[in-house]
Amino acid sequence: MTTAAPETRPDTQQLPNPTADALDLLELFPVTLRLPETALTAGPDASEDWFWAVCMANNETTWQMELNAKGELELMPPTYPPSDEHEGESFGEVRQWNIGRGRPGTATGPTSAYRLANGAIRCPDAAWAPKEKVLPPSPDPPRARPYCPDFVVEIRSTSQRSLSHLLNKMQEYMDNGAKLGWLIDPIERTVRVYRAGVAEPELLHDPTTLDGEDVLPRFTFAVGELIFDLE
């Protein structure tokens with residue numbers, strides 16, 4: 001009689017934890033790629049040409065790309081739930097406020113790019129600029145909007161283990177002309193409110209609403225309902 005060998009099973013304690021491994025990999029982002037020195041020495045216009053050439057050559061990718069002031073491409077992984085909804089809620093509310101006020105400016109979402117005075121090209125999760133700042137579209141697209149919006153929102157994604165990158169971006173917006181900024185952190189349920197002329201942001205713990213102050217008059221954003229408690 002032939003006796004079958006007992007089935008061997010892997011020790012589950014020795015198997016890698018894909019979730020933990022994936023989270024560890026997130027520490028590597030944003031991935032930075034240096035532009036050619038010829039583009040950097042030629043100036044911001046040449047760097048922007050390179051940036052858009054790379055974006056257009058990879059227009060089917062889900063990676064998010066920005067350009068920092070040092071002339072480096074910054075690549076981030078695609079946004080996944082619930083962070084994608086958070087972005088939609090913030091942009092949607094700003095857009096509705098803008099429409100309700102008779103469109104005194106332009107509201108944009110995370111797919112819109114702005115070229116700041118320092119040469120960086122950034123895509124805030126939500127932004128608004130007054131009509132007098134908004135310029136007609138470039139005759140030779142694609143180009144970023146060549147100014148810093150007055151109001152910017154960045155929301156910490158579930159893929160961002162650290163706040164350091166977003167803290168740097170928010171300060172960059174303020175240094176380049178933004179008047180009001182919100183850094184919303186759904187993980188810690190906090191909001192940092194940046195104001196022009198104020199050295200340090202105000203840290204709010206678990207706020208229910210946020211006020212657009214004199215930059216977005218009578219704009220109230222229900223951050224508790226639309227971000228922190230979004231199901």
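## Basis of the description

The model is predicted, so local features require pLDDT of at least 70 and side-chain atom pairs count only at pLDDT 80 or more, whereas totals for chains, interfaces and linings use all residues. Residues are numbered from 1 along each chain as its sequence is written, and side-chain values use heavy atoms, with hydrogens and water left out.

## The six-stranded sheet

Six strands form an open sheet in the order β4-β7-β8-β9-β10-β11, and the pairing is mixed. Because β4 (105–108) and β11 (202–205) each have a single partner strand, they stand at the edges, and one side of each is left without a neighbour in the sheet. From one strand to the next, the twist averages 15 degrees. Helices (H or I, at least four residues) and strands (E, at least two) are DSSP runs numbered from the N terminus, and two strands pair if DSSP finds at least two bridges between them.

Strand β4 pairs with β7 in the antiparallel sense over four bridges; T106 has A129 in β7 as its bridge partner. Strands β7 and β8 are also antiparallel, with three bridges, and here W128 has F151 in β8 as its bridge partner. Further along, β9 (residues 180–185) and β10 (residues 190–195) are joined in the antiparallel sense by six bridges. Within β10, R192 stands opposite L183.

Strand β7 is mostly covered, five of its five residues being buried (buried means under 20% relative accessible area, exposed over 50%, and partly exposed in between, with a 1.4 Å probe and protein chains only). A126, W128 and P130 point one way from the strand, A127 and A129 point the other way, and all are buried.

Helix α4 (residues 83–100) lies across β4, β7 (126–130) and β8 (151–155), and runs at about 165 degrees to β4. Contact means heavy atoms within 4.5 Å. Axes are lines fitted to C-alpha atoms, for helices over the stretch in contact, and angles run from 0 to 180 degrees between N-to-C directions.

## Aromatic pairs

The structure holds seven aromatic pairs. Rings of Phe, Tyr and Trp (its six-membered ring) pair if their centres lie within 6.5 Å; planes under 30 degrees apart count as stacked, over 60 as edge-to-face and the rest as tilted.

The ring centres of W97 and W128 are 5.5 Å apart and the planes stand at 80 degrees, so this pair is edge-to-face. It links distant parts of the chain, with W97 in helix α4 and W128 in strand β7, 31 residues apart. W97 is buried at 9% relative accessibility, and W128 is buried at 5%. One aromatic cluster is formed by W97, W128, F151, W182, F219 and F221.

## Salt bridges

Side chains of opposite charge can pair when their charged atoms come close. A salt bridge is a side-chain nitrogen of Lys or Arg within 4 Å of a carboxyl oxygen of Asp or Glu, and by this rule the count comes to 16.

E66 and K169 meet in a salt bridge with an N to O distance of 3.0 Å. E66 lies in strand β2 (residues 64–67) and K169 in helix α5 (residues 164–175), so the pair ties together parts that are 103 residues apart in sequence. Both residues are buried: E66 has a relative accessible area of 10% and K169 one of 6%. A network of salt bridges links E66, E74, R122, E154, K169 and E172.

## R189 and its two partners

R189 forms a salt bridge with D206, the closest N and O atoms being 2.9 Å apart. D206 lies in the loop between β11 and β12 (210–211) and R189 in the loop between β9 and β10, so the pair ties together parts that are 17 residues apart in sequence. D206 is partly exposed, with a relative accessible area of 41%, and R189 is partly exposed at 27%.

R189 also meets D229 in a salt bridge (3.1 Å, N to O). D229 lies in the segment after α6 (223–228), 40 residues apart from R189. At 44% relative accessibility, D229 counts as partly exposed.

## Cysteines

A search of the whole structure finds zero disulfides, a disulfide being a pair of cysteine sulfur atoms within 2.5 Å. C123 is buried at 16% relative accessibility, and C148 is buried at 5%.
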